[in-house]
Each structure stands twice: as structure tokens, then as C-alpha cells.
Amino acid sequence: VKPTLSCAQPGEWCTSAHLKEDRCCNGYHGGNTRCRYTGHDWNNHKIGHCCVKPSKYGCVLDSDCCGDTRICSDGYCVRDGRNANINVNMDQNKNQNEYV
């Protein structure tokens, strides 16, 4: 029996020590979140914060969004200056942080 983990919400810590689908709530393939890694722990596991993927729904604050050029607009992570109601299906933001 696999133990039930409490998944991390956007803004909460995540780690590569957990299975990909357990790192962030809705972090499975095709989900709306992922872990944005910013460092390593003492076991050399990647650590970071969960964030909402570009053009996906689930943010409350700008800081919930993955990528430095994203803002939260009506619950969607969109490029700064864009309206989520006009185009929520934009290209993925490519930056130098590592996501999984």
C-alpha cells in the first residue's frame, strides 16, 4: 500500500525526493503545476517551490506562476501585459530555471 502524501500547493516547498506526481498538487503529466527547482538539500535532492504552469489555471498571486514574466490574471498565469480572457493558450515560457 502506497502511503498518502499531502501534495504541495503553489508557493509551497517541493522536492525531487518525491515521485513526480506527488511533488505538487496536479503535478502529473498534463497537470497545471510543476516544481520550480532553485537548489539542493543535504541529500542532493533538488528542492524548490510548486508553481502554476504558463497559460494554466490555478494561481491566486503573481508569485504562484512559473516564470519571471508571468502574472496571475483571473486565475490564469499569463505573460505580463496580456489579458487571460483574450489568449490563455500561449507559448510556454522558457527560462533558465529547471522544472519537473
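**Close-ups of the disulfides**

With a torsion of 95 degrees about the S-S bond, the link of Cys 51 and Cys 66 is right-handed. This is a predicted model, in which local features need pLDDT of at least 70 and side-chain atom pairs count only at pLDDT 80 or more, while totals for chains, interfaces and linings use all residues. Residues are numbered from 1 along each chain as its sequence is written, and side-chain values use heavy atoms, leaving out hydrogens and water.

**View A. Cys 51 joined to Cys 66.** The S to S distance is 1.9 Å, and a disulfide here is a pair of cysteine sulfur atoms within 2.5 Å. Cys 51 and Cys 66 are both buried, a word that stands for under 20% relative accessible area (1.4 Å probe, protein chains only).

**View B. Cys 14 joined to Cys 35.** Here the sulfur atoms are 1.9 Å apart. The torsion about the S-S bond is about 85 degrees, so this disulfide is right-handed. Cys 14 sits in strand S1 (residues 13-15) and Cys 35 in strand S2 (residues 33-40), 21 residues apart; strands are DSSP runs of E, at least two residues, numbered from the N terminus. Cys 14 counts as buried at 4% relative accessibility, and Cys 35 is buried at 0%.

**View C. Cys 65 joined to Cys 77.** The S to S distance is 2.1 Å. With -85 degrees about the S-S bond, the link of Cys 65 and Cys 77 is left-handed. Cys 65 lies in the loop between S3 and S4, and Cys 77 in strand S5 (residues 76-79), twelve residues apart.

**View D. The whole set of six disulfides.** Counting bonded cysteines along the chain, the pattern is 1-4, 2-5, 3-6, 7-10, 8-11, 9-12.

Note on methods: Helices (H or I, at least four residues) and strands (E, at least two) are DSSP runs, numbered from the N terminus. Buried means under 20% relative accessible area, exposed over 50%, partly exposed in between (1.4 Å probe, protein chains only).
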